[in-house]
Amino acid sequence: MTTAASLPETSSPLYDRVVEMGGHYAGVEPDTEWFAEVKRLAVLRNATILAHNYEVPAIQDVADFVGDSLALSRIAAEVTTDTIVFCGVHFMAETAKILSPEKTVLIPDQRAGCSLADSIKAVELAEWKAEHPGAAVVSYVNTTAEIKALTDICCTSSNAVEVVESIPADREILFLPDQFLGAHVKRVTGRQNLHIWAGECHVHAGINGDELAKQALDHPDAELYVHPECGCATSALYLAGEGAVPPERVKILSTGGMLDAARATGAKEVLVATEIGMLHQLRRAAPSVDFRAVNDRASCRYMKMITPAALLRCLVEGRDEVFVDDDMAAAGRVAVERMIGIGQPGGGE
Ligand code: SF4
């Protein structure tokens, strides 16, 4: 599969094994030879490898840094290498490019999208804004660059409440794209002039309240870590409010917040309601705690498109490169930087 884009020195004996299969790159096992090849090629390309918490364990283990989307974008801006390999989904690599326009940002497979980011298009947001002239647009960081460019302030799940509270009480707010995070913010702030876009992530929406209630019953001593994007976040708060689960056992946390809580917990068992890739980092952070998925089928197929074969191909070929139009990047950067200045933004998804 040698191409013109690959440099002679970035060829690899493993490269001929890379095949396209079922819409993703396959054919390479994440063994010690692969690990060494990835490290060698990254040095040759002067590249830093970043991996999101939802990636498969081998990708997390070979990366230079693992984290959530915003934390990784900040690291991308700080490292001295001129190339960033972002093992995550496309909007995350775009955010890194927005914050580091001078760097080359590569994603191992540009087809790795996000059902939440795709749940609103720029034309739909423009129409929604026209229906609510003067409204402030607050977008969760899981959005494309073109949506960020039409946004007043981005937010993470950690600071969404503070971002909304930073806007004058009499100003309408358009909150997008996640309806569960929007409902959580509306409940906490009591804000009636907050309009919520009906978007959702197929993975988080699939973790429902019934499953959570059953797991909570089966594991009466376990703590519950719930991501606010999950379909069960509302149920978790309801269960706590009803006394079905002691409120102190329910923690609504961003992915970064989950790692902090894991390091500090005295619990022996923790039920985790988010994408299952998160379990790898939680187990590394607190090896003595038994972390269990509320739904072990909650796996993001987009994140899992960043396969060992895809990463090898990326380093050999120098692809897929992420581009963001200069004006769009400048507008999006304003919305992201406003977000960073409010409350504790944490790290996004
Ligand atoms: S888990 Fe959901 S929100 Fe996260 S990248 Fe996958 S589709 Fe998008």
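Predicted model: local features only at pLDDT ≥ 70, side-chain atom pairs only at ≥ 80, totals over all residues.

Student: Leaving aside its neighbours within four places in sequence, which residues is Ala135 in contact with?

Tutor: Ala135 sits in the loop between helix H5 (122–131) and strand S7 (136–140). Once the neighbours within four places in sequence are left aside, the contacts of Ala135 are Lys129, Arg171, Glu172, Ile173 and Leu174.

Student: Does Ala135 count as buried, exposed or partly exposed?

Tutor: A residue is called buried if 20 or more other C-beta atoms lie within 10 Å of its own, and exposed if 12 or fewer do. Ala135 has 19 C-beta neighbours inside 10 Å, and therefore it counts as partly exposed.

Student: At what angle do helices H4 and H15 pack, and are they roughly parallel or roughly perpendicular?

Tutor: Two packed helices are described by the angle between their axes and the distance between the axes. For H4 (residues 90–99) and H15 (residues 326–340), the axes are 9 Å apart and the packing angle is about 95°.

Student: Which residues of H15 are met by H4, and how does the contact divide by class?

Tutor: From H4, the residues taking part are Thr95, Lys97, Ile98 and Leu99, and in H15 they meet Ala329, Gly332, Arg333 and Val336. Divided by class, this contact of H4 with H15 has 4 nonpolar, 2 polar and 2 charged residues.

Student: Which elements do the buried residues of helix H12 pack against?

Tutor: In H12 (residues 255–264), the buried residues are Thr255, Gly256, Gly257, Met258, Leu259 and Ala262. These buried residues of H12 pack against helix H3 (69–78), strand S11 (223–226) and helix H13 (278–285).

Student: What distance separates the centres of domain 1 and domain 3?

Tutor: The domain assignment gives domain 1 as 8–113 + 302–323 and domain 3 as 207–293. Taken over C-alpha atoms, the centres of domain 1 and domain 3 are separated by 30 Å. The contact takes 10 residues from domain 1 and 8 residues from domain 3.

Student: Which residues are the closest to the ligand?

Tutor: By class, the shell around the ligand has 8 nonpolar, 4 polar and 2 charged residues. Of the 14 residues that surround the ligand, the closest are Cys114, Leu116, Cys201, Val203 and Cys300.

Note on methods: Residues numbered from 1 in each chain as written. Axes fitted to C-alpha atoms, helices over the stretch in contact; angles between N-to-C directions. Helix = DSSP H or I, 4+ residues; strand = E, 2+ residues; numbered from the N terminus. Contact = placed C-beta atoms within 7 Å. Nonpolar A, V, L, I, M, F, W, Y, C, P; charged D, E, K, R; others polar. Near = placed C-beta within 6 Å. Domains from an automatic or database assignment.
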